[in-house]
Amino acid sequence: GAQGRRAHELRLRALLEQGKCPEDGWDESTTELFLHELAIMDSNNFLDNCGVGEREGRVASGLVARRHYRLIHGIGRSGDIAAVQPKAAGSSLLNKLTNSVVLDIIKMAGVRAVTNCFVVPMATGMSLTLCFLTLRHKRPKAKYIIWPRIDQKSCFKSMITAGFEPVVIENVLEGDELRTDIEAVEAKIKALGAENILCVHSTTSCFAPRVPDRLEELAVICANYDIPHIVNNAYGVQSSKCMHLIQQGARVGRIDAFVQSLDKNFMVPVGGAIIAGFNESFIQEISKMYPGRASASPSLDVLITLLSLGASGYKQLLKERKEMFSYLSSELKKLADNHNERLLDTPHNPISLAMSLKNLDENNDVAVTQLGSMLFTRQVSGARVVPRGSVQTVNNYTFKGFMSHANDYPCAYLNAASAIGIKKQDVDVFLKRLDKCLKTFRKEAKKEKNVNEISSASTGTEQLEDEKIQ
């Protein structure tokens with residue numbers, strides 16, 4: 001029995017000493033033993049504990065306690081989310097280990113130069129807001145954020161919530177791709193004055209036909225004008241191309257922080273993000289900006305997941321995602337050809353694909369949005385249909401062609417993405433259902449055409465009869 005336990009303890013010791021994701025995933029019994037060991041280090045689980053404060057880790061429901069492995073105290077202290085809490089040694093250790101393991105994974109995924117990161121119990125949008133609020137103290141005069149346009153509400157609202165004025169830089173169309181207008185960014189910096197600009201807020205992961213921003217060029221501009229640079233890397237950890245852009249941007253210019261979602265990259269419940277960067281003191285400043293203690297749930301979820309997968313398991317998921325992207329791309333192209341549409345050529349986007357919907361758009365104004373409804377009712381989630389000409393106002397800013405990342409993109413289109421965890425079956429079922437929906441529209445269009453032809457023919461006959469009578 002002692003020998004059996006020692007085998008588990010050796011794994012625990014290696015994790016504590018190295019602070020890295022184990023190469024091979026742990027079995028559930030080892031992970032649970034580890035979590036129980038951490039939990040009994042927290043004061044609320046001491047056998048003789050006597051709590052007389054207002055926050056003593058008391059939990060009314062046993063189900064809730066078990067759901068959290070009795071790690072009730074959360075992470076951090078009132079003044080710093082990364083600080084050690086004396087009466088919660090186990091939860092504090094959990095926090096430190098999670099940040100260390102996640103840093104190891106970010107390096108493995110391609111950003112070798114990263115020096116520090118921490119898990120924050122907020123999704124990507126609020127985590128970006130925290131970065132902007134931290135920069136406010138460094139640049140008190142600044143009120144603008146330069147933002148190459150991406151039609152996604154949370155990253156736009158992250159700037160508004162922080163109290164800044166987004167300066168929208170429209171993208172340029174190169175072939176089918178929407179790319180960063182570097183000249184417009186630099187011209188706007190000169191017009192507004194570098195000291196009045198809080199930062200450049202760029203994006204890596206995005207829906208095609210928009211592609212990742214030109215991070216290297218933006219990073220050089222930020223370095224030249226001494227302007228901070230925050231990168232929204234929402235689901236970019238799973239893409240070697242997105243991570244390479246961040247690594248290169250930091251190498252040739254300036255990137256202060258990059259933010260990524262936990263759920264999109266590590267397949268855990270929504271509610272957490274990772275803020276990472278290349279200057280250790282700046283990342284610590286951001287963590288100190290977070291007011292109060294924080295939930296340990298996102299840290300617990302991602303640590304359990306990475307211990308279960310191991311580095312080799314996570315690498316395998318990244319490999320499979322890339323393979324599925326190639327498969328989805330080739331199969332979607334075949335389907336597009338069959339329906340006289342085309343797969344848009346977006347080689348710089350490593351995750352998302354777009355297929356034109358020109359025939360639907362030309363035949364019927366509402367057909368494009370109807371296709372989206374049909375797919376959703378057929379249990380296809382995640383596919384986006386983007387009609388032309390939609391207008392949307394977000395926080396008093398009006399966007400023309402909203403969702404297409406441009407005022408007037410040349411065609412309506414449908415998006416599909418190959419994200420981490422996708423299976424061949426997902427792709428096959430999606431394509432089958434999409435094919436059926438498009439065939440339904442073609443049949444209806446054909447019927448409508450026949451009705452119109454019959455109607456016009458009968459009208460012509462009536463005209464001949466009238467002429468004979470006259």
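Student: OK, so buried means under 20% relative accessible area, exposed means over 50%, and partly exposed is in between. Where does that put Gln-379, buried or exposed?

Tutor: Gln-379 has a relative accessible area of 68%, so it is exposed. Keep in mind that this is a predicted model.

Student: Where in the chain is Gln-379 found?

Tutor: In the loop between α14 (367-377) and β11 (384-386). Its backbone deserves a look too: Gln-379 has a positive phi of about 65°, although it is not a glycine. Most residues other than glycine have a negative phi.

Student: What about Met-403, what is its phi near?

Tutor: Met-403 has a phi near 90°, again a positive value in a residue other than glycine. You'll find Met-403 in the loop between β13 (397-400) and β14 (413-417). With a relative accessibility of 26%, Met-403 counts as partly exposed.

Student: Let me zoom out. How many helices and strands does the chain have?

Tutor: There are 15 helices and 14 strands. The C-alpha trace spans about 110 × 60 × 40 Å along its principal axes, and 49% of the 470 residues count as buried.

Student: And which domains does the assignment give?

Tutor: Domain 1 is 1-47 + 56-73, domain 2 is 89-309 and domain 3 is 315-447.

Student: How many residues do domain 2 and domain 3 put into their contact?

Tutor: The C-alpha centres of those two domains, domain 2 and domain 3, lie 27 Å apart. Their contact takes 36 residues from domain 2 and 39 residues from domain 3.

Student: Switching to helices. At what angle do α5 and α11 pack?

Tutor: At about 110°, with the axes of α5 (residues 124-138) and α11 (residues 280-289) 9 Å apart. Angles from 65 to 115 degrees count as roughly perpendicular, so that is how α5 and α11 lie to each other.

Student: Which residues of α11 meet α5?

Tutor: From α11 you have Phe-282, Glu-285, Ile-286 and Met-289, and on the α5 side they meet residues including Leu-130, Cys-131, Leu-133 and His-137. The residues of this contact divide into seven nonpolar, two polar and two charged.

Student: Which α11 residues are buried?

Tutor: Phe-282, Ile-283, Ile-286 and Ser-287. Looking down the axis of α11, these buried residues fall within an arc of 145°, so they line one face of the helix. They pack against β1 (116-120), α5, β8 (257-261) and β9 (273-277).

Student: Now α7. Which of its residues are buried?

Tutor: In α7 (residues 182-192), Ile-182, Val-185 and Ile-189 are buried. Down the axis of α7 they fall within an arc of 60°, so they too line one face of their helix. An α-helix has 3.6 residues a turn, so residues three or four places apart point the same way.

Student: What covers them, and what's on the other side of α7?

Tutor: The cover includes β2 (144-148), β3 (165-169), β6 (197-203) and α8 (215-225). On the other side of α7, Glu-183, Lys-190 and Ala-191 are exposed.

Student: Which residue follows α7?

Tutor: Gly-193, with a positive phi near 90°.

Student: Two last residues. Is Ser-239 buried or exposed?

Tutor: Ser-239 is buried, since its relative accessible area is 1%. Its place is in the loop between β7 (229-232) and α9 (240-252). Leaving aside neighbours within four places in sequence, Ser-239 is in contact with Arg-321, Pro-350 and Ile-351.

Student: And Arg-5, where is its place?

Tutor: In helix α1 (residues 2-18). Arg-5 is partly exposed because its relative accessible area is 38%. Apart from neighbours within four places in sequence, Arg-5 is in contact with Leu-33 and Glu-37. Arg-5 and Leu-33 are 28 residues apart in sequence and 9.6 Å apart in space, C-alpha to C-alpha.

Terms used:
Residues numbered from 1 in each chain as written. Predicted model: local features only at pLDDT ≥ 70, side-chain atom pairs only at ≥ 80, totals over all residues. Heavy atoms only, no water. Axes fitted to C-alpha atoms, helices over the stretch in contact; angles between N-to-C directions. Helix = DSSP H or I, 4+ residues; strand = E, 2+ residues; numbered from the N terminus. Parallel < 35°, antiparallel > 145°, perpendicular 65-115°, else oblique. Contact = heavy atoms within 4.5 Å. Nonpolar A, V, L, I, M, F, W, Y, C, P; charged D, E, K, R; others polar. Buried < 20%, exposed > 50% of the residue type's maximum accessible area, 1.4 Å probe, protein only. Arc of directions from axis to C-beta. Domains from an automatic or database assignment.
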